Every structure is written in structure tokens, then in C-alpha cells.
Amino acid sequence: MVSATVGRGAVLGAVALSLLAVPARAATGEPKASSAVLPAPDTTALTAVLRSAVAQGAPGALARIDDQGGTYRVTYGVADRAARRAVDAGDRFRVGSVTKTFSAVVLLQLADEHRLVLDAPVNRYLPGLLPDDRITVRQVLSHRSGLYDYTNDMFADSVSGFEAVRDRVFTYRQLVALSLKKPRTNAPGAAYSYSNTNFVVAGLLIEKLTGHSVRTAYEDRIFRPLNLRDTFYLHPDTAIPGPHAHGYLTPDTAGAALVDATAQTVSWAQSAGAIISSARDLNTFYSALLGGRLLSPARLADMERFSPVNSTTAYGLGLRRRTLSCGISVYGHTGAVQGYYTYAFATKDGKRTLTALANTSNNGKVLNTLTGTLESAFCGKAARALRAPGRPGPGGRDGAAGE
């Protein structure tokens with residue numbers, strides 16, 4: 001049964017949040033995003049965004065905002081079309097390219113431990129892997145390596161491409177080899193060009209430098225220290241454990257039935273997009289990261305050295321900055337994997353976080369609409385008059401572990 005619910009955990013403090021819609025800018029010109037100057041989240045608008053996503057083809061949608069002891073939960077639609085189970089704000093789901101931030105954190109921790117130099121060539125650690133010794137670790141993590149994104153070809157047709165890899169198990173080197181069959185998109189360091197290949201290389205680096213699997217590195221360095229009880233890297237297992245939202249891939253043919261894409265290895269993505277999590281856990285992760293609990297100040301500063309992508313977004317090292325209509329900037333990542341669109345963002349200090357999910361993919365209308373969750377969560381009612389119709393959101397090729 002379709003349902004809409006809004007819940008709030010703890011009551012926010014007696015002092016009302018400021019309704020200042022456009023905070024002061026830092027000396028660098030970067031919009032500040034301290035939670036101290038944010039208006040209260042607009043849960044009415046947030047509910048409307050999720051309702052619109054469902055009307056546009058997503059079976060269900062959810063959002064969770066955590067804000068210094070206060071928690072807002074909004075859900076709409078169903079998590080499982082067959083069982084007609086309503087979406088729950090605690091459901092687990094595939095996070096797609098949000099995985100990239102986890103991978104970047106592990107490598108930056110290794111840099112903190114003096115086991116990795118960001119400006120060293122990848123080939124110093126993985127001899128002969130790449131055809132150009134100029135490609136550095138920093139360029140890989142910032143999508144400035146020029147390595148072709150193999151998923152462009154893999155998912156040229158959404159459904160048949162997905163079915164061809166749904167149960168396959170790839171090695172990292174096989175995926176890199178698929179990329180190297182094509183010319184590079186640019187010279188190393190010359191330009192931003194989003195590519196899942198970069199974070200496949202990141203996975204190889206993690207395993208080489210730690211001597212352990214990516215799964216072990218995630219668990220030892222992030223999942224367990226932060227008590228992320230809903231977060232898993234199960235490759236190549238296909239099932240999502242526990243209560244979860246099913247994911248539905250929209251076919252390229254208009255009017256064709258949605259494809260339940262929940263069960264898959266995600267071996268075509270691995271360290272670029274195979275993590276499973278929940279809204280609570282993703283909010284905890286980004287709060288800890290931006291709050292300085294996972295990296296030294298110097299390495300967090302490296303992560304936050306952004307290159308422009310377009311007029312509203314910039315990319316650091318596995319981290320995206322997005323400037324909203326009210327002038328506030330938020331930090332996090334988006335994810336598109338077959339059946340799931342995810343937005344996970346936080347203020348610069350990590351004190352207010354939002355994760356939103358729609359359990360569909362290959363649906364541009366839903367993806368564009370979901371960007372409205374950021375406006376509702378961080379700009380609040382004060383910015384409602386500033387909002388314009390949604391622009392295409394970041395997502396790469398739908399069905400891939402997109403931007």
C-alpha cells in the first residue's frame with residue numbers, strides 16, 4: 001500500500017534555527033554551509049519531492065535528515081512491488097557511486113600512514129597496470145586520469161547490458177582491460193572526465209597496499225569504527241541481507257515493464273559502486289568524514305580540493321560539492337546503480353546530513369526530481385521561492401555506478 005510518513009526523532013533545541021537563506025561566503029569565495037546558519041528542513045517540500053518521484057515511475061522513495069540530535073524521516077511508495085510492502089526509512093539499498101567516497105577515504109588514510117603518495121604514479125604501486133606513467137593517484141581519485149569509462153559500452157542498452165553482467169564475476173584487471181581497449185579521453189591531469197575505471201584502479205591500489213581485500217579494508221577502517229550496522233560489501237554475493245528496498249531498472253523502451261534488478265553481483269563496479277547501506281549509515285559516514293573523524297586535516301583538505309564540473313558542481317577526491325539555489329554548498333556523492341538512485345550529502349561541518357533514495361534507475365525524470373531533496377533539506381522554506389525546475393542531475397549513464 002502506498003504510504004507517506006514523516007517522523008522526527010529527537011526534538012531540536014529550544015533555540016530556533018536561523019532562517020538565513022544565503023550564508024556569508026568564506027574568504028576563498030566558496031559558499032559556507034555551517035549547520036548553525038541553516039533554516040530548518042522543509043519536510044512538506046521533501047514529501048512532495050518523493051511523491052513526484054513515485055508519480056514519475058519510481059515504485060518508492062525515502063529520505064532521512066540528521067541534524068544535531070534531530071532526525072526527520074520521509075517515505076513514499078513501496079519497497080517491493082510484488083509484496084506491496086511500503087518503503088521504510090530504515091531499508092537497506094545499493095548505493096552505487098557513493099561507494100567511491102569510501103574507496104577514497106581508505107586511500108587517503110593510507111596516505112596519512114605514509115604508505116601512499118597522492119602525486120605518485122599509479123604504476124609505482126601497480127607496475128605496468130596503466131599505459132602512461134604520468135597518471136597519478138590524485139588524478140585517478142579526481143577523475144582527471146583520462147581513463148575511458150568501460151561502462152559506457154557495457155550498458156549502451158540498459159536491460160540487455162545489465163542481464164549480461166548480472167551474475168558475472170570480474171577481476172579488477174579485467175575491468176581495467178576493458179577500459180584500455182578504448183583511447184583515453186584526455187591527457188593525464190588535463191580535464192575532469194567521470195569514469196568508473198578510476199575507482200576500479202582505486203580498488204587495486206587498496207588491495208595492493210593493505211594486503212587485504214577491499215571488503216576487509218572497508219570493514220576494518222570504516223564500517224566497524226563507525227558502527228555502520230547496515231553497511232556491507234558482499235561481492236560477489238547477489239542478495240541484500242535484512243530488510244531492503246528492491247531496485248527496479250527502467251527499460252529503454254517506453255512502456256515496457258520494470259525489471260527487478262535487486263539481485264546482482266555488481267562485479268562490474270566493485271570498489272566503484274558495490275556497497276550496500278542505509279540512509280542512517282550514510283548520514284553517519286558523511287558526518288564523520290566531514291567532521292574530521294576519518295582523516296587528518298591535511299588529507300581532508302586534499303579531498304576537498306575541488307575542480308569545477310559545471311555551474312553548480314565540483315569534484316574533489318571521491319567527493320562532490322554541490323551549490324544549491326540558496327547559495328549553500330553541500331558535500332557528498334550521488335549514486336546510480338541498476339534499480340537505485342541515491343543522494344547522500346552533508347554540510348561542510350557534517351552536522352546536517354541528508355540521504356535520499358528512489359528505487360529505480362534509467363529514469364531521467366526521477367533523477368532530476370530527486371535533486372529537490374537537497375533543496376528541501378538544506379535550504380528549507382526560506383529558499384522555496386528561489387527554486388527553479390530541476391536540471392539534469394549527476395548520474396553518468398543510467399544503470400551504471402554513475403556520478
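Contact here means that heavy atoms lie within 4.5 Å of one another. The model toured below is a predicted one.

**First stop: tyrosine 218**

Select tyrosine 218, which lies in helix 9. Tyrosine 218 is buried, its relative accessible area being 0%. Now display its surroundings, setting aside neighbours within four places in sequence: tyrosine 218 is in contact with Thr99, Phe102, Ser103, Val106, Phe223, Tyr233, Ser271 and Ile275.

**Second stop: helix 7**

Proceed to helix 7, residues 172-180, and pick out Tyr172, Leu175, Val176 and Ser179, which are buried. Turn the view to look down the axis of helix 7: its buried residues fall within an arc of 100° and therefore line one face of the helix. Next, show helix 5 (151-154), helix 8 (196-210) and helix 9 (214-223), which are among the parts that cover these buried residues.

The structure holds 1 disulfide. Select cysteine 326 and cysteine 379, which it joins with an S to S distance of 2.0 Å. Cysteine 326 is in the loop between strand 11 (320-323) and strand 12 (329-337), and cysteine 379 is in helix 13 (residues 372-379), so the pair ties together parts 53 residues apart in sequence. The torsion about the S-S bond is about -70°, and the disulfide is therefore left-handed. Cysteine 326 is buried at a relative accessible area of 1%, and cysteine 379 is buried at 0%.

Technical notes
Residues numbered from 1 in each chain as written. Predicted model: local features only at pLDDT ≥ 70, side-chain atom pairs only at ≥ 80, totals over all residues. Heavy atoms only, no water. Disulfide = S-S within 2.5 Å. Helix = DSSP H or I, 4+ residues; strand = E, 2+ residues; numbered from the N terminus. Buried < 20%, exposed > 50% of the residue type's maximum accessible area, 1.4 Å probe, protein only. Arc of directions from axis to C-beta.
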